[in-house]
Amino acid sequence: MSMIDIKVAAVEQVTPLVKHFTFVKRDGSPFPAFSGGSHVVVSMNVGGRVHRNPYSLMGSPADTGAYHISVRKQEQSRGGSVFMHENVEVGTSLQITYPVNLFSLAKKAHKHILIAGGIGITPFMSQLIDLNRLNANFELHYAFRSPEHGAFADQLKAICSSKLHCYADSKGERLDLLALLSKQPLGTHVYVCGPNPMVVAVIETARNLGWPENHIHSEQFLSPGIGEPFKIQLAKSNIEVHVPAEMSMLEAIEAAGVEADYLCRGGVCGRCEVNVLESDGALLHHDHFLTDAEKAAGKKIMPCVSRARCDRLVLDL
Amino acid sequence: MALAFKQETFRNDYKYSNSPNAIKRFPFPFAEDQYMYSVNIEPHVKGKTGSVSEFAFDVDEHYVGECLDKQLTLDLDRGRYAALPHMMDAQWDFVELTMEALSNDYPEHFSLKKEGLNWTWENKPLNIKQSFVFGDASTMPMDPFEFMSKQVQGDFVLLDQRDETLYADAGFVTSQADWSLAFDVGMSWREWHAPVPRATELGVMDRALKYLLNLQLGSPVRRLNWTMTVNPRLDTSPENYPLWGTDRNTVNPENVADKVHLRVELQSLFRLPRSNGIVFSIRCYLMSLRELSSYPRWAKRLHRVQKTMHPDLIEYKGMTKFHPMMVEWLSQFDDGSAMAVGTQPE
């Protein structure tokens, strides 16, 4: 996979839990332009182990001089977000992937409703620039815990003016999804990024109101969960790999020196899909990619986020 | 090294031939004795010096002739170019990709100067110089995509990605192997592949789609496709079928080696940055059976491939009329001995 060598040009504490990082290319050349909603996967070496986390690009897609990401320090971090907060400083070298967009704007939409919760605002930051440039009809609804957690609210006001609607939970402000989604004209698309209950609520509300499935967009990167350790057999490589509790199957496979395909590492894109040749227990599917029928069939698994509870699991790798 | 561009025609008098070097670098597609559809996609990485995959977009001795032929075809039928309104970002992506590639890879023929968004493009072989503001279509003499499509060999389709599929929402198509942009524009992946026999049943199209939906910026891919064309004609479109379809009846055992051409498409796909679309580039290479037989290994291989071709494919590729004559002519190169896997000429 093609990677880009970057160094950190600036770090800013935006809220008590969120840091904003500015990346420039190590060789000084410009980055590629990108489309609103794109993310990059940041590769970091945490105590000898490579962590790769996806983060949305939040600067202007036309600004090829620098890339911007924001990282929320996760309470149950396996190390990635804590490393970004505590070990990454101005001058640190890292590697990132080229931008990938799994949350792109529907170019033919008549209107766009963007709904963000907390750090879920990040993919919208770049989309807003595209929407403004294209003179699109949109509204941004941004919910957060309390004003001090409303990262980027001032910046957003400058970009969106009256199209921005903020909801601070601490002040008792609530986004009424039903009211919002029931009054939209035909041809409206809704996009949501935020904590799981919010994403589910938006999807369910829109579905119940009869919104077409392809007008409902969400992005929710999963972190590979911490689970029970287990063992896997890789048929083509003819080796056995131990997957420790705090490591994903994909990470363990990589650590064993086997090259596996991947893209988002968050259970969304489907690139790391691998065939299950044999298993004698339960596959714990955590991804958003496989259909329920595929999950039940047990013939495929997404090693970036999924795990297993079994004595024997043979993968086609 | 500067390329020497030939004066050529791809219609009427058909003044077209390949130099020995062009034959040697021809992208011969058959590595094995039998042909079957597969998702033969590989990374579009830099190939060997002098090969057709050395650069992202190959410019060769036919460049000027092909560009003139494109213009002729478009002048006769404006429907060969189409771009739906939501594809403007993709149009500029295409301009950036092709101008940067050509000026970097062939600096003696093309140059690009940038001062912020003020760009100046120079194409010496076609004698074009254009200053414009990147992103402002009003500063271009025509659609930005049309402007650059005319200056790169091959056909181009811009794909929009939405609803977990790809839509052919813009295109410049003047050298197609019997498919129509005017018919396909706005169609989804499954719709425009529907006529391909056997491939759908094999699941090939679904696998290829899944792969392309994840195509990454900075990691283009390519594959080869092929057919056989009577006369070195680029515009074998359904629109102009009356002009070329009957050429198949003119093939006889005496002229088969000069009339029948192996037509290979070097298809490459690039993820586009601003639009998150994909450009599908279809570059056509033509070589007569006689030219091909200057490397007997290729003639021997083609004989085996054609002899064992599934009848559905012979029909789909429009070879029914002349297929037996072609196989017969090629048989003189086949001594029956085993061949190693590989597409190399010798």
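In chain B of this predicted model, residues 24 or more positions apart account for 72% of the contacts with a separation of 6 or more. The secondary structure of chain B consists of 13 helices and 10 strands. Of its 346 residues, 38% are buried.

The overall dimensions of chain B are consistent with a globular form: a compact globule of 346 residues would have a radius of gyration near 20 Å, and because chain B has 20 Å, the two agree. Along its principal axes, the C-alpha trace of chain B spans about 60 × 45 × 40 Å.

Helix H2 of chain B covers residues 63–76, that is, 14 residues. From its first C-alpha to its last, H2(B) reaches 20 Å, close to the 20 Å expected at 1.5 Å a residue. The buried residues of H2(B) are Tyr63(B), Glu66(B), Cys67(B), Asp69(B), Lys70(B) and Thr73(B). Viewed down the helix axis, these buried residues fall within an arc of 160 degrees, so they line one face of H2(B). In general, an α-helix has 3.6 residues a turn, so residues three or four places apart point the same way.

Chain B also touches chain A. The contact draws 15 residues from chain B and 19 residues from chain A. On the chain B side, strand S6 (residues 155–162) provides the largest share, three residues. The residues of that side divide by class as follows.

| Class on the side of chain B that touches chain A | Residues |
|---|---|
| Nonpolar | two residues |
| Polar | eight residues |

Methods
Residues numbered from 1 in each chain as written. Chains lettered and ligands numbered in written order. Predicted model: local features only at pLDDT ≥ 70, side-chain atom pairs only at ≥ 80, totals over all residues. Helix = DSSP H or I, 4+ residues; strand = E, 2+ residues; numbered from the N terminus. Rg over C-alpha atoms; globule rule 2.2 N^0.38 Å. Buried ≥ 20, exposed ≤ 12 C-beta atoms within 10 Å, placed from the backbone. Contact = placed C-beta atoms within 7 Å. Nonpolar A, V, L, I, M, F, W, Y, C, P; charged D, E, K, R; others polar. Expected span 1.5 Å × (residues − 1). Arc of directions from axis to C-beta.
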